[in-house]
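Dear colleague,

I am handing over the structure we spoke about, and below it you will find my notes on what was found in it. Please read them with the sequence and the model side by side.

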Amino acid sequence: MLKTFDEKLSGFLFVVILPFLLFFMSYYGFESSYTHFKTSERPPDFLFSSVYSYRIIPNYLSIYMTDFMEYCINNLLPFKNLLIKNGTPFYHGLFLMNTFFFILSSIIINTILKFKSVDLFSNVMVRRIFHLLMIFFIVMTQYTPSNCDTIALFCYLLGIVLTLKYLHTNRSQFFYLLIILIAVSTLVRETACLNIAFFAAVFFSIEEIKQKNFQFIWKVIPLLLSFLIIYLGLRVFLNHEETSFMEGVYVVANFTSPFNLAGLLFSAITLYFMYQLCADEKNRLVFKKYVFFSMPYIVMITLVGLFWEVRLFLPLILTGALVACHDFKKNI
């Protein structure tokens, strides 16, 4: 009994408490001139008048969390001066919201690492080292905090769980839940499309296409529709005088700025490292297919994103790690 309790306590400290402390240090221990979120009293106007306006769920959560923190600081918390000194109600609310979804993401990563993993990951210490590596990647990218990234990451990782569950059980409820998740997470961030890329990487087979087995296509169509209907619907119905499809076109800056080139080099080397971690040929094939099906997302990063914001590559990096540890040949 004592051993079981010790294992549960150890798991809780590693999966929940350690990520929380890392996140806390990132938000309150390291200063970044890259963002002005720490000095914003309320959610900044650009969240509702730019490409961020399409991220409905994070924006409304930001408003509610800011109101909640204002109330707590003014009425409930005894260390008001300390909180005011280290950030605004919006920033503290952003930290709490992102921490909540970050811890959920950590729990999901731990679940995936234990679910039908390759033999190497049957060792709990190996899993924890790998888990810690992934957590550090997430925390490191918080030099550009946003109100949508950790929520989108949580949704994306949950989508990976549903895809893997569907792969190994063939139970249709996981497929239907994935459709719903993609539709909802499209209201969070465009990262939702990467769940389609991961699903395609797992289920696409050239051999089946050659044999005129097009079942894969019929499976992908509902996923595409669940993303496109929401994605295009937002751009049709939102006020175009107050919103924009993109912040700007940065393709030239991405290949001329030393900062952006450093971000690209870091992401490329990290993805290559994740590919090298795939010991089995099946895993390498899945990862290569995933990168291929993720090309629309990568092209959009190149055109309208900044390579210096490594957080944009984070879902691809984490996917590489999770693909490396999973045994795609195991049956239920």
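**Notes on the model**

Phe 175 counts as buried, because its relative accessibility is 10%, where buried means under 20% relative accessible area, exposed over 50% and partly exposed in between, computed with a 1.4 Å probe on protein chains only. Please bear in mind that this is a predicted model, in which local features need pLDDT of at least 70 and side-chain atom pairs count only at pLDDT 80 or more, while totals for chains, interfaces and linings use all residues. Residues are numbered from 1 along each chain as its sequence is written, and side-chain values use heavy atoms, with hydrogens and water left out.

Phe 175 belongs to helix α7; helices here are DSSP runs of H or I with at least four residues, as strands are runs of E with at least two, numbered from the N terminus. Setting aside neighbours within four places in sequence, Phe 175 is in contact with Tyr 166, Phe 199, Lys 219, Pro 222 and Leu 223, contact meaning heavy atoms within 4.5 Å.

The axes of α8 and α10 come within 10 Å and cross at roughly 175°, the axes being lines fitted to C-alpha atoms, for helices over the stretch in contact, with angles running from 0 to 180 degrees between N-to-C directions. That makes α8 roughly antiparallel to α10, since angles under 35 degrees count as roughly parallel, over 145 as roughly antiparallel, 65 to 115 as roughly perpendicular and the rest as oblique. Here Cys 193, Ile 196, Phe 199, Ala 200 and Phe 203 of α8 meet Phe 216, Lys 219, Val 220, Leu 223, Leu 224 and Phe 227 of α10. Sorted by class, this contact of α8 with α10 holds ten nonpolar, no polar and one charged residues, where Ala, Val, Leu, Ile, Met, Phe, Trp, Tyr, Cys and Pro count as nonpolar, Asp, Glu, Lys and Arg as charged, and the others, Gly among them, as polar.

Against α13, helix α8 (residues 193–203) packs at an angle of about 140°, with the axes 8 Å apart, and the two helices are therefore oblique to each other. From α8, the contact involves Leu 194, Ala 197, Phe 198, Ala 200, Ala 201 and Val 202, and from α13 it involves Val 286, Lys 289, Tyr 290 and Phe 293. The residues of this contact of α8 with α13 comprise nine nonpolar, no polar and one charged.

Helix α13 (residues 281–293) also holds Asn 283, which is buried at a relative accessible area of 3%. The side chain of Asn 283 reaches the backbone oxygen of Val 323 at 2.6 Å. Not counting residues up to four places away in sequence, Asn 283 touches Cys 278, Val 323, Ala 324, His 326 and Phe 328.

Finally, Asn 170 sits in the loop between α6 and α7 and has a positive phi of about 60° although it is not a glycine. Asn 170 is exposed, with a relative accessible area of 56%.

Definitions and conventions
A polar contact is a pair of N or O atoms within 3.5 Å; within protein, one must be able to donate a hydrogen and the other to accept it, and residues adjacent in sequence count only if both atoms are side-chain atoms.
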